[in-house]
Amino acid sequence: LVPEQAADGLGARGLRGTALVCGIDDSRPAEVAVDVAGWLSAQLDYRLHLMHAYAPVLPPLIMPAGAAPLPARDLEQEAREAAWSILERVQRRVDGQALLRLRPGPAAACLAAYADLFDAPLIVIGAPRRGPLASALGGSVAWRLTSRSTRPVMLVPEPRADG
């Protein structure tokens with residue numbers, strides 16, 4: 001594992017254009033995307049960067065009577081630990097051959113900015129099979145990323161339940 005600040009410095013030290021960025025979360029489509037991104041990075045001899053964006057946690061505004069609120073830094077630490085466990089679990093799918101990255105913020109914005117940092121030729125993400133209404137109501141990282149990124153984005157669909 002490379003510390004976050006050191007990994008950001010890698011982009012400025014000649015590794016630009018050799019990174020394949022794969023956005024992950026705790027979903028089946030993300031696991032399939034990691035499989036595809038791992039295969040592609042091996043074929044192209046690119047370094048695979050697995051990136052997970054998490055929502056920073058704010059302390060609750062309403063607390064039960066007598067409950068002591070957790071400090072914001074403790075809540076943030078819990079969110080980071082949960083996100084790292086996702087990264088570490090998914091990294092096993094590529095035999096540990098990936099740089100793990102964690103960023104707080106909206107997934108599409110974080111992925112686009114990270115890919116720009118490394119001048120990545122491609123961003124790979126899993127795309128759940130949802131209907132247009134569900135995508136419109138719940139928002140879609142895939143839609144936001146493809147409309148925001150200046151880089152090509154590969155959407156890897158989750159396998160169909162019937163096959």
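**Salt bridges, a helix pair and a buried histidine**

By the rule used here (a side-chain nitrogen of Lys or Arg within 4 Å of a carboxyl oxygen of Asp or Glu), the count comes to seven salt bridges. The structure is a predicted model, in which local features need pLDDT of at least 70, side-chain atom pairs count only at pLDDT 80 or more, and totals for chains, interfaces and linings use all residues. Residues are numbered from 1 along each chain as its sequence is written, and side-chain values use heavy atoms, with hydrogens and water left out.

First, the overall layout. The protein chain has six helices and five strands, taken as DSSP runs (H or I of at least four residues for helices, E of at least two for strands) and numbered from the N terminus. Read from the N terminus on, the order is α-β-α-β-α-β-α-β-α-α-β. Of the 163 residues in the protein chain, 38% are buried; buried is under 20% relative accessible area, exposed is over 50%, and partly exposed is in between, with a 1.4 Å probe and protein chains only. Contacts are heavy atoms within 4.5 Å. Among contacts with a separation of 6 or more, 77% come from residues 24 or more positions apart.

Back to the charged pairs. Side chains of opposite charge can pair when their charged atoms come close. In the bridge between Arg89 and Asp26, the closest N and O atoms are 2.3 Å apart. This pair links distant parts of the chain, with Arg89 in helix 3 (residues 72-91) and Asp26 in the loop between strand 1 (19-23) and helix 2 (28-44), 63 residues apart. Arg89 is partly exposed at 28% relative accessible area, while Asp26 is exposed at 56%.

Arg151 turns up in two bridges. One is with Asp116, at 3.0 Å between the closest N and O atoms. Arg151 sits in the loop between helix 6 and strand 5 (153-157) and Asp116 in helix 4, so this bridge ties together parts 35 residues apart in sequence. The other is with Asp119, where the closest N and O atoms are 2.9 Å apart. Asp119 belongs to the loop between helix 4 and strand 4 (122-127), so its bridge to Arg151 ties together parts 32 residues apart in sequence. Arg151 counts as buried, at 19% relative accessibility, whereas Asp116 is partly exposed at 33% and Asp119 is partly exposed at 32%. Elsewhere, salt bridges with shared partners join Asp26, Arg28, Glu31, Asp35, Arg89 and Arg93 into one network.

Next come helix 4 and helix 6. Helix 4 (residues 107-117) packs on helix 6 (residues 141-148) at about 40°, with the axes 8 Å apart; axes are lines fitted to C-alpha atoms over the stretch in contact, and angles run from 0 to 180 degrees between N-to-C directions. That makes helix 4 oblique to helix 6, given that under 35 degrees is roughly parallel, over 145 roughly antiparallel, 65 to 115 roughly perpendicular and the rest oblique. On the helix 4 side, Ala107, Ala108, Ala109, Leu111 and Ala112 make the contact, and on the helix 6 side Val141, Arg144, Leu145 and Arg148 do.

Finally, His49 lies in strand 2 (residues 47-54). His49 is buried, with a relative accessible area of 3%. Leaving aside residues up to four places away in sequence, His49 touches Ala19, Leu20, Val21, Cys22, Leu99, Tyr114 and Phe118.
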